[in-house]
Amino acid sequence: MIRFLSSVIALVSLATLPSFAQGMKPGLWEISSRVTSADAQTDQTVSMLLQQLGNLPPEQRSMVQQMAQNQGLSMPNITPDGNVSIKACVTPEMAANQQVPNIQQGDCTSNNVAIDGGMQLAFVCSNPASRGEGQLRFVGERAFTMKMNVTSSVRGRQEQVRVDSDGRWQGGYCPR
């Protein structure tokens, strides 16, 4: 279950973060994402796993927190309305080189294409097996909205979720 939860959080990050380098300010960003599914069982499983993330035992919470920090991300925060919120640091060098923090592990490729007012996003990963497509819309250089449709293989079956995200620039300073 922790692997599935880590995959959902990683997919949110993978889908969102590669877009920062194109028109986004360097600095600290907060990304709030909601993961939903038309399949009631998948939706219930995601909700249960997000609740479990908020109640991890200290040693597991520390492992997730360390993994996130190693990639320039904050510990995912689960809000009362079920959103997953993370903070990510994009340095000026990272923005200039189009490099961003990413917690996705495994073999992933992305294909992000600039469109008027945003980007068309697509990615494919082999571990865990997943793929997604969507669109990011910039709201100036300090905010964006994103909608992604993601399919992943979990427990031997295909799971489809929708990820709706909002990103807000928090400032130019990234605490470590």
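Visitor: What makes C89 buried in this predicted model?
Guide: Its relative accessible area is 7%. Buried means under 20%. C89 is therefore buried.

Visitor: How do you know that C89 and C174 form a disulfide?
Guide: Their sulfur atoms are 2.1 Å apart. The cut-off is within 2.5 Å, so the pair counts as a disulfide.

Visitor: Why is the disulfide of C89 and C174 called right-handed?
Guide: The torsion about the S-S bond is about 100°, so the disulfide is right-handed.

Visitor: Which parts of the chain does the pair of C89 and C174 tie together?
Guide: C89 lies in strand β3 (residues 84–90), and C174 lies in the segment after β9. These parts are 85 residues apart in sequence.

Visitor: Is C174 buried or exposed?
Guide: C174 has 16% relative accessibility. That falls under 20%, so C174 counts as buried.

Visitor: What makes C108 and C125 a disulfide?
Guide: Their sulfur atoms are 2.2 Å apart. That is within 2.5 Å, so the pair meets the rule. The torsion about the S-S bond is about 115°, so this disulfide is right-handed. The pair links C108 in strand β4 (residues 108–110) with C125 in strand β6 (residues 118–126), 17 residues apart.

Visitor: Why does C108 count as partly exposed?
Guide: C108 has 24% relative accessibility. C125, at 5%, counts as buried.

Visitor: How many disulfides are there, and what is the pairing of the bonded cysteines?
Guide: The count comes to 2 disulfides. With the bonded cysteines numbered in sequence order, the pairing is 1-4, 2-3.

Visitor: How do you know that E141 and K25 meet in a salt bridge?
Guide: The N to O distance is 3.8 Å. The cut-off is within 4 Å, so the pair counts as a salt bridge. E141 lies in the loop between β7 and β8, and K25 in the loop between α1 and β1, so the pair ties together parts that are 116 residues apart in sequence.

Visitor: What makes K147 and D164 a salt bridge?
Guide: Their closest N and O atoms are 3.6 Å apart. That is within 4 Å, so the pair meets the rule. K147 is in strand β8 and D164 in strand β9.

How values were computed
Residues numbered from 1 in each chain as written. Predicted model: local features only at pLDDT ≥ 70, side-chain atom pairs only at ≥ 80, totals over all residues. Heavy atoms only, no water. Salt bridge = Lys/Arg side-chain N within 4 Å of Asp/Glu carboxyl O. Helix = DSSP H or I, 4+ residues; strand = E, 2+ residues; numbered from the N terminus. Buried < 20%, exposed > 50% of the residue type's maximum accessible area, 1.4 Å probe, protein only.
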